[in-house]
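Please take a moment to look over the sequence and the 3D structure shown here, and then follow the explanation with both in view.

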Amino acid sequence: KGHPVCIFCCKPVENIHHIAPFHNDTAEELSENNVCPLCRRCHFEWGHLENWKSWNTNILKHAEWYRGLVKTRPVKERAKK
């Protein structure tokens, strides 16, 4: 099946992101409800809100919102020759 893709940019990823840091609750470290795939860039920007000491507990909602924006973004059409 291959590697999962980032929930924001759809690039292939090799790692998972913990939605809630597992140091807060070690029992949640490998819980399917506490992980999501993020690429390196999105991990920092969205997963940690551009600060490694922080975390985004609403990341799944933010990913859904962002994908909706991308799906409906306006695109300028090229002029026909």
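The paragraphs that follow go from the whole chain to single residues.

This is a predicted model, in which local features need pLDDT of at least 70 and side-chain atom pairs count only at pLDDT 80 or more, while totals for chains, interfaces and linings use all residues. Residues are numbered from 1 along each chain as its sequence is written, and side-chain values use heavy atoms, with hydrogens and water left out.

The chain holds 2 helices and 2 strands, where helices (H or I, at least four residues) and strands (E, at least two) are DSSP runs numbered from the N terminus. The chain has a radius of gyration of 16 Å, well over the 12 Å that the globule rule gives for 81 residues, so it is more spread out than a compact globule. The radius of gyration is taken over C-alpha atoms, and the globule rule is 2.2 Å times the number of residues to the power 0.38. Along its principal axes, the C-alpha trace spans about 60 × 30 × 20 Å.

Of the 81 residues in the chain, 25% are buried; buried means under 20% relative accessible area, exposed means over 50%, and partly exposed lies in between, with a 1.4 Å probe and protein chains only. Contact means heavy atoms within 4.5 Å, and among contacts between residues at least 6 apart in sequence, 45% join residues at least 24 apart.

The interior comes next. In soluble globular proteins, nonpolar side chains tend to be buried together. Here the largest nonpolar core has 11 residues, among them F8, V13, I19, L38, C39 and I59; such a core is a set of buried Ala, Val, Leu, Ile, Met, Phe, Trp, Tyr and Cys residues joined through side-chain atoms within 4.5 Å.

One member of this core, C39, is buried, with a relative accessible area of 9%. Not counting residues up to four places away in sequence, C39 touches C6, C9, K11 and V13. How many disulfides does the structure hold? There are 0, a disulfide being counted as a pair of cysteine sulfur atoms within 2.5 Å. C9 is in no disulfide, and the nearest cysteine sulfur, that of C39, is 3.5 Å away. C39 likewise is in no disulfide, with the sulfur of C9 as its nearest cysteine sulfur at 3.5 Å. C9 itself is partly exposed, with a relative accessible area of 26%.

Consider now H17, which lies in strand β1 (residues 16-18). Is H17 buried or exposed? H17 is buried, because its relative accessible area is 1%. The side chain of H17 makes a polar contact with the side chain of H43 at 3.1 Å; a polar contact is a pair of N or O atoms within 3.5 Å, and within protein one must be able to donate a hydrogen and the other to accept it, while residues adjacent in sequence count only if both atoms are side-chain atoms. Leaving aside neighbours within four places in sequence, H17 is in contact with several residues, including C36, L38, H43 and H48.

H48 is buried, with a relative accessible area of 12%, and a polar atom of its side chain lies 2.6 Å from the backbone oxygen of S54. Apart from residues up to four places away in sequence, H48 touches H17, H43, S54 and W55.

W55 is also placed in the loop between α1 and α2, and at 32% relative accessibility W55 counts as partly exposed. Beyond its neighbours within four places in sequence, W55 is in contact with residues that include I19, P21 and L49. L49 lies in the loop between α1 and α2, and its phi is near 50°, a positive value in a residue other than glycine. Most residues other than glycine have a negative phi. C10, in the segment before β1, has a phi near 65°, which is positive in a residue other than glycine.

Finally, V75 is found in the segment after α2 (59-71) and is exposed, with a relative accessible area of 64%. V75 and T26 are 49 residues apart in sequence, and their C-alpha atoms are 45 Å apart in space.
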